[in-house]
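These are my notebook entries on a structure I had not opened before.

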Amino acid sequence: MDVSITFNPLIPWSVIYGLAAVAAICILFCLWRGLSGWALRGLAALALLTALAEPSLQEEAREELSNIVLVVVDKSESQTVAARPFQIEDAVTELVATIGGLDNFEVKQVEIENDTSNQEDGTFLITALNSTINEVASNRIAGAVLVTDGQVHDAEIASKFNFPVHVLLTGEKNDWDRRLVVKNAPAFAILDEVITLTLRIEDQGKVPAAVRGKARVEIAIDDGDPVAFDLETNKDLEMPLRLPHGGINVLQFNVVPVEGELTERNNSAVVSINGVRDRLRVLLVSGEPYAGERTWRNLLKSDSAVDLVHFTILRPPEKQDNVPVRELSLIAFPTRELFLEKVDEFDLIIFDRYSKRGLLPPSYLSSVVNYVKRGGAVLVASGPAFAGVNSMFRTPLAEVLPAQPTARIYEEGYTPTVSDVGTRHPVTENLESFSPIVDDASDAAWGRWFRHIDAEPVSGTTVMTGVDGRPLLVLDRVEQGRIALLLSDHAWLWSRGFEGGGPQLELLRRLGHWMMKEPELEEERLTATAVGQKVTIVRRSVEETNKPVTIETPDGTIFELSLNEVGPGRWQGEFQGLENGLYRLSDGLLSSVFALGPSSPKEFENTIASADKLNPIVKQTKGAALAIHDVYVPKIRLVGLGRAAGGRDWIGLTPRDAYVTTDITSKPLLPAWVLLLFVGLLVIGAWRLESR
């Protein structure tokens with residue numbers, strides 16, 4: 001119950017003030033004239049003015065409200081390491097019980113977690129505290145206790161609290177951790193050029209002397225065997241590196257874990273770098289002039305990224321035209337330099353209708369064979385000579401050719417066709433979609449060719465067929481290199497638009513990329529694409545058998561995923577990733593890796609418990625930051641508003657004495673007749689006094 005005097009004036013206060021001024025002037029006039037009743041008249045005026053203000057006695061019935069203590073519990077990913085979950089559970093249980101035992105106190109507990117599906121999500125503790133404050137009456141909050149490791153990511157938010165804020169730190173006194181940081185990594189790099197990555201291994205906390213200053217790191221590209229070496233900790237290391245192939249190169253860095261680390265989640269890093277070719281160096285060897293020679297040249301010269309060296313045999317040795325040598329303007333071609341000394345500088349060598357005529361000695365062609373085995377690429381576009389005695393199959397190049405000529409040549413019209421295997425091979429899959437528009441009455445999707453050199457495949461894959469289903473385009477891998485054999489010299493008809501033409505440009509583009517080992521054109525490939533936490537796995541193979549994929553999650557869990565056939569040579573499946581990190585895929589033959597989110601999430605950038613980020617808020621509110629391993633659960637004291645609210649082993653709460661008014665009663669301070677009687681007596685007394 002609370003009692004107070006209130007005023008409810010009958011007339012505006014401005015009028016009352018004016019009447020008070022007039023009364024004061026009259027009293028002063030009486031005093032100046034020496035009238036003896038001025039004091040009684042002044043009291044009478046005051047009583048009248050008070051009556052006009054109508055004073056009342058007001059009584060409020062109040063209900064006392066409890067004091068609220070906010071307990072904000074950090075349950076982000078960094079709070080899941082070591083014994084922290086048990087610390088949180090025990091400390092919060094004891095703290096809530098202790099505060100709940102205080103008279104007129106209650107606890108509002110809030111738990112926060114970070115969004116693991118967000119790559120850059122962290123611990124937003126102050127945001128959660130502000131949101132909780134908005135849910136309750138601010139005049140009831142007696143204090144806030146933050147149970148956290150102190151590694152928050154919104155401490156810079158400007159907030160002013162009118163109650164003490166305390167921090168209970170999880171973790172142990174001797175905690176330590178090791179973290180791998182890739183400080184710079186380009187998004188793309190040019191093949192055969194050296195790029196520099198900067199690595200750093202950071203030691204945090206109280207690192208044992210036995211492992212201090214040294215760490216072992218493993219590096220693997222794609223799913224290759226890792227290479228291990230030793231590094232110094234807390235020191236930047238510049239690492240030179242060359243990308244092994246074009247397309248996406250997945251680089252895996254891993255610090256070998258040491259016993260005693262808080263977590264291994266920040267020991268790994270995955271970097272994806274796109275390998276691109278600066279220039280494509282091509283050597284085109286034309287055996288003789290013919291209509292398709294210029295087509296090959298124009299096709300290669302049309303790409304500004306291609307450096308073309310064209311070697312054309314215009315006068316074979318057997319040609320006798322009686323032209324004097326002094327009148328020949330041709331220069332000697334540097335065959336030795338090209339085929340022996342600098343053959344490895346070429347990315348692709350094309351033999352177009354070349355035949356054995358003695359211009360390239362067997363030693364030069366043997367050099368080309370070794371070039372293929374070392375990882376080079378050769379395309380043989382054969383002509384009629386391939387079926388005769390001067391065939392390239394009768395040279396050292398036969399060691400790597402995927403088909404043997406039968407000496408038969410088909411001179412008839414036919415339409416090149418993608419084979420059954422070719423529909424699953426990336427070089428020729430879906431090639432029909434590049435068919436030109438033809439007359440509906442025509443059955444041919446592409447224009448016809450009129451020459452086909454017959455051959456028996458001895459290795460490789462036949463992706464296109466010609467007359468009677470005989471091999472037309474054969475692809476093969478030879479040790480580290482690749483070779484392609486086109487058994488016709490009429491591909492130029494497509495570029496000229498004969499009978500509508502055909503997809504010569506697209507076919508040769510894919511063929512070139514396959515020979516350059518572009519990952520997108522690999523016939524056996526296992527890939528994964530992530531959108532948020534949804535992962536799509538695609539398996540490409542020329543085989544017709546379906547295989548389940550084994551998936552290993554970052555925490556070591558292994559499960560199988562069945563794939564569905566979505567097209568020739570393509571199987572696809574989806575799953576929902578539950579946590580960020582490095583995933584490994586395998587179907588028994590193929591393997592791959594991918595990272596979902598950052599392999600080392602933001603939550604694990606700093607894992608050592610520290611109150612440094614929250615100390616400004618604690619000092620502003622005169623609270624305390626205490627470690628659970630020191631005090632377990634602090635003592636509770638009640639302190640006044642604005643007083644120091646924390647010590648070595650205690651925290652303070654401020655009772656707010658909040659209440660809610662349930663009833664209000666009001667009655668006049670004095671009855672009206674009493675005031676009138678009192679004023680009348682004063683006026684009569686003043687008149688009697690002055691009349692004497």
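**Aromatic rings.** I looked up the aromatic residues and found that Tyr414, Trp446, Trp449 and Trp494 form one cluster. The model is predicted, so I keep to its limits: local features need pLDDT of at least 70, side-chain atom pairs count only at pLDDT 80 or more, and totals for chains, interfaces and linings use all residues. Residues are numbered from 1 along each chain as its sequence is written, and side-chain values use heavy atoms, with hydrogens and water left out.

For pairs I used rings of Phe, Tyr and Trp (its six-membered ring) with centres within 6.5 Å; planes under 30 degrees apart are stacked, over 60 edge-to-face, and the rest tilted. A search of the whole structure gave me twelve aromatic pairs. One of them joins tyrosine 414 and tryptophan 449, edge-to-face, at 6.4 Å centre to centre with 75° between the planes. The two are 35 residues apart: tyrosine 414 is in the loop between strand 19 (403-410) and strand 20 (417-418), tryptophan 449 in the loop between strand 20 and strand 21 (452-457). Helices (H or I, at least four residues) and strands (E, at least two) are DSSP runs, numbered from the N terminus. I noted tyrosine 414 and tryptophan 449 as both buried; buried means under 20% relative accessible area, exposed over 50%, partly exposed in between (1.4 Å probe, protein chains only).

I then checked phenylalanine 559 and phenylalanine 575, whose ring centres are 5.7 Å apart with planes at 75°, so this pair is edge-to-face. Phenylalanine 559 belongs to strand 28 (residues 558-561) and phenylalanine 575 to strand 30 (residues 570-576), so the pair ties together parts 16 residues apart in sequence. Phenylalanine 559 is partly exposed at 29% relative accessible area, while phenylalanine 575 is buried at 10%.

**Tryptophan 514.** I found this residue in helix 9 (residues 504-515). Is tryptophan 514 buried or exposed? Its relative accessible area is 1%, so it is buried. Leaving out residues up to four places away in sequence, I list its contacts (heavy atoms within 4.5 Å) as His425, Val427, Leu475, Asp476, Arg477, Arg482, Ile483, Leu521 and Glu523. The C-alpha atom of leucine 475, 39 residues away along the chain, is 9.6 Å from that of tryptophan 514.

**Backbone angles.** I looked for positive phi in residues other than glycine and noted arginine 353, near 55°. Arginine 353 sits in the loop between strand 17 (348-352) and helix 7 (362-373) and is buried, with a relative accessible area of 13%. Asparagine 430 also has a positive phi, near 55°. Asparagine 430 lies in the loop between strand 20 and strand 21, and at 52% relative accessibility it counts as exposed.

**Cavities.** On a 1 Å grid over the protein atoms alone, I took a cavity as a set of points where a 1.4 Å probe fits but cannot get out, with lining residues having an atom within 4 Å of a point. Grid points are joined across faces, edges and corners, and a volume is the space filled by probe spheres set on the points. I counted three cavities of 30 Å³ or more. Of its 13 lining residues, Tyr290, Trp296, Asp489, Ala491 and Trp492 are the closest to its centre.

Note on methods. On a 1 Å grid over the protein atoms alone, a cavity is a set of points where a 1.4 Å probe fits but cannot get out, and a pocket is an open set with protein on both sides within 12 Å along at least five of seven lines; lining residues have an atom within 4 Å of a point.
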